[in-house]
Amino acid sequence: MKLTDLFGLEGKIALVTGGSRGIGKMIVEGLLEAGCARVYIVARKKEQVDDTSAELGDKVIGLVGDLSQMDGIQKLADEIASREDKLDILVNNAGAAWGEPFEDFTEAGWHRTMDLNLKTPFFLTQKLHGLLKAAATEERPAKVLMIASIDGMKSNPWETYPYQASKAGLIHLTRRMAARLIKDDIVVNGIGPGAFPSAMNRAARDSEDIVKRGIPSRRVGVTEDMAAGAIYLLSRAGDYVVGTTIPIDGGVVNANVSGNFVDPGGE
């Protein structure tokens, strides 16, 4: 088998939530390089969506929407259905983080974080189930990729309680959804990013020299690291990997014995 047959995504239709910046944008760039015909991105801020669409070219179609509530989730699903008769790839990347002292933590911060990080991936996948099934075959399953975090695999020192809990929940939700959707030839997996520079992960972006001290690989992640992991799971190469969340973190979760890791944040 040729390498392009294993890792190519020629002609595939993809949707990446939160695809206008950060890890979402890194994944979009990988999908384009792997040959996707169209990649839809959705985010709340129109300027960011327009800028990223213009930067990455005609194959990127930008949509504006707030996926933290059910009406926004349904609106996006309806929009995709009006444009496409199938969807090969769904990347549930949109997320939020919220940190406050334990004594003062607000219900608003809890709800927004839990809803966007945990409820939205479930219900958006549910609403797009028909389009994913339309694309799926036993020989080439459709793919759903959940973007979790290493903060769902290990504790960090920051008071981001719902963020860490929601990402741990998403990892288990990935397993449970994988068990159901494989019956429809839809493969569900996840990625647990470590330290990647982004607007949400300002520590990795602005304090790289400090952050990398606690990373066994001695560097923060770059676009190629995230794109490669996503392409592996979303292409033929990852068809036999089901319900698994892979940490892409330079060894923080599984090869870190120093105990001095500096929290990387999330998307």
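Glu84 and Arg38 form a salt bridge in which the closest N and O atoms are 2.7 Å apart. A salt bridge here is a side-chain nitrogen of Lys or Arg within 4 Å of a carboxyl oxygen of Asp or Glu. This pair links distant parts of the chain, 46 residues apart: Glu84 lies in the loop between α4 (70–83) and β4 (89–92), and Arg38 lies in strand β2 (residues 38–43). Glu84 is buried, with a relative accessible area of 8%, whereas Arg38 is partly exposed at 31%. Buried means under 20% relative accessible area, exposed means over 50%, and partly exposed is in between (1.4 Å probe, protein chains only).

The model is predicted: local features need pLDDT of at least 70 and side-chain atom pairs count only at pLDDT 80 or more, while totals for chains, interfaces and linings use all residues. Residues are numbered from 1 along each chain as its sequence is written, and side-chain values use heavy atoms, with hydrogens and water left out.

**The chain as a whole**

The chain has 10 helices and seven strands. Helices (H or I, at least four residues) and strands (E, at least two) are DSSP runs, numbered from the N terminus. For 267 residues, a compact globule would have a radius of gyration near 18 Å, and the 17 Å of the chain agrees with this. That radius is taken over C-alpha atoms, and the globule rule is 2.2 Å times the number of residues to the power 0.38. Along the principal axes, the C-alpha atoms fill a box of roughly 50 × 45 × 40 Å.

Of the 267 residues in the chain, 51% are buried. The chain exposes about 12200 Å², and carbon and sulfur atoms supply 51% of that area. Accessible areas come from the Shrake-Rupley method with a 1.4 Å probe; for residues, only the protein chains shown count as cover. Among contacts between residues at least 6 apart in sequence, 73% join residues at least 24 apart. A contact means heavy atoms within 4.5 Å.

**Salt bridges**

Side chains of opposite charge can pair when their charged atoms come close. A search of the whole structure finds 11 salt bridges.

| Glu84 | Arg38 | 2.7 Å |

Asp115 and Lys119 are separated by about one helical turn, because they are four residues apart in helix α5 (residues 107–127). An α-helix has 3.6 residues a turn, so residues three or four places apart point the same way. Asp115 counts as buried at 19% relative accessibility, and Lys119 is partly exposed at 22%. In the pair of Asp225 and Arg219, Asp225 is partly exposed at 23% relative accessibility, and Arg219 is also partly exposed, at 40%. Elsewhere, Arg140, Lys143, Arg236 and Asp239 are linked in a network of salt bridges.

**Helix α3**

Helix α3 (residues 46–56) has the buried residues Val49, Thr52 and Ser53. Seen down the axis of α3, these buried residues fall within an arc of 100°, so they line one face of the helix. The arc is that of the directions from the helix axis to the C-beta atoms. Among the elements that cover the buried residues of α3 are α2 (22–33), β2 and β3 (60–64). On the face turned away from the buried side, α3 carries the exposed residues Glu47, Ala54 and Glu55. Just after α3, Gly57 takes a positive phi of about 105°.

**Positive phi in other residues**

Asp185 is a residue other than glycine with a positive phi, near 60°. Asp185 sits in the loop between α7 (161–181) and β6 (186–193), and is partly exposed with a relative accessible area of 26%. Arg218, again not a glycine, has a positive phi near 65°. Arg218 is in the loop between α9 (208–211) and α10 (223–234), and is exposed with a relative accessible area of 64%.

**A nonpolar patch**

Leu3, Phe7 and Tyr232 make a nonpolar surface patch of about 280 Å². Patches are made of residues with over 30% relative accessible area and no salt bridge; like charges are joined within 9 Å, and nonpolar side chains (Val, Leu, Ile, Met, Phe, Trp, Tyr) within 5 Å. Leu3 is found in helix α1 (residues 3–7) and is exposed, with a relative accessible area of 61%.
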